[in-house]
Amino acid sequence: MQKITPFLWFNDNALEAAEFYSSIFKNAAITNVTHVGQTNAVMSVSFELEGQAFHALNGGPHFTFTPAISLFVDCETQTEVDELWEKLSAGGEKSRCGWLKDRFGLSWQIIPNQMSQLLRDPNPAKAQATMNAMMQMSKIDLAVLQQAYNEH
């Protein structure tokens, strides 16, 4: 069992969000739905994405998501970046440097794992060239990052 689990507060669409996220990730499942009251309304949803457990609550309009908390997705390929970027941003908002907000307002970072290697290069000119290229992007394009890296 996971010791720490992200707990996500939604107004009234926790199940819709869990279904949306579960439809996007290959290894995903809704593991529990708790209903309450005479209307049998959904109170909370437990789900897993790529082995990470989440709990989602229909808590009402009192709190909303901010970019101060985001879900970082470590992608293996540019194809994975492209697919997740398009699916998660649908109905949401694309931002800068691999960040987006989904249609529920939750922030995500869709990042190719090779980017970290380029940014940590011991050659400061190569790392800085990679950073400068990344700062110009919305969706991360690994080929462009690699080109900037190779030019220095």
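Colleague: Which residues does Y21 touch, leaving aside those up to four places away in sequence?

Modeller: This is a predicted model. In it, Y21 touches F10, F47, L49, L88, D102, F104, L106 and W108, with residues up to four places away in sequence not counted.

Colleague: Which residues touch the most other members of the largest nonpolar core?

Modeller: Y21 belongs to that group, together with F47, L88, W108 and I110; the core has 27 residues. At least two residues of this core come from each of strand 1 (7–10), helix 1 (14–24), strand 3 (41–49), strand 4, strand 5, helix 2 (78–89) and strand 8 (107–112). Helix 1 supplies the largest share, 6 residues. There is also a second, separate core of 13 residues, among them I111, I140, L142 and Y149.

Colleague: Let us turn to the strands. In what order do the strands of the open sheet lie?

Modeller: Strands of a sheet pair through backbone hydrogen bonds, and the pairing may be parallel or antiparallel. Here the open sheet has 4 strands in the order 5-8-7-6, and its pairing is mixed. Strand 5 and strand 6 (93–94) are the edge strands, each pairing on one side only.

Colleague: In which sense, parallel or antiparallel, do strand 7 and strand 8 pair?

Modeller: Strand 7 (residues 99–101) pairs with strand 8 in the antiparallel sense, over 3 bridges.

Colleague: Next, the pockets. Which residues line the largest pocket?

Modeller: Empty space shows up when a probe the size of a water molecule is rolled over the atoms. The largest pocket holds about 210 Å³ of space. Its lining is made up of F25, L49, E50, Q52, F54, L71, F72, V73, D74, E80 and W108. Strand 4 (52–58) and strand 5 (70–75) are the elements that give two or more residues to this lining, and strand 5 provides the largest share, 4 residues.

Colleague: How many nonpolar, polar and charged residues line the second largest pocket?

Modeller: The lining of the second largest pocket has 7 nonpolar residues, 2 polar and no charged. These residues are F7, L8, W9, F63, T64, F65, T66, I69 and L106. The space in the second largest pocket is about 160 Å³.

How values were computed. Residues numbered from 1 in each chain as written. Predicted model: local features only at pLDDT ≥ 70, side-chain atom pairs only at ≥ 80, totals over all residues. Heavy atoms only, no water. 1 Å grid on protein atoms, 1.4 Å probe; cavity = no way out; pocket = protein on both sides within 12 Å on 5 of 7 lines; lining within 4 Å. Points joined across faces, edges and corners; volume = space filled by probe spheres on them. Nonpolar A, V, L, I, M, F, W, Y, C, P; charged D, E, K, R; others polar. Core = buried A, V, L, I, M, F, W, Y, C linked by side-chain atoms within 4.5 Å. Buried < 20%, exposed > 50% of the residue type's maximum accessible area, 1.4 Å probe, protein only. Contact = heavy atoms within 4.5 Å. Pairing = 2+ DSSP bridges.
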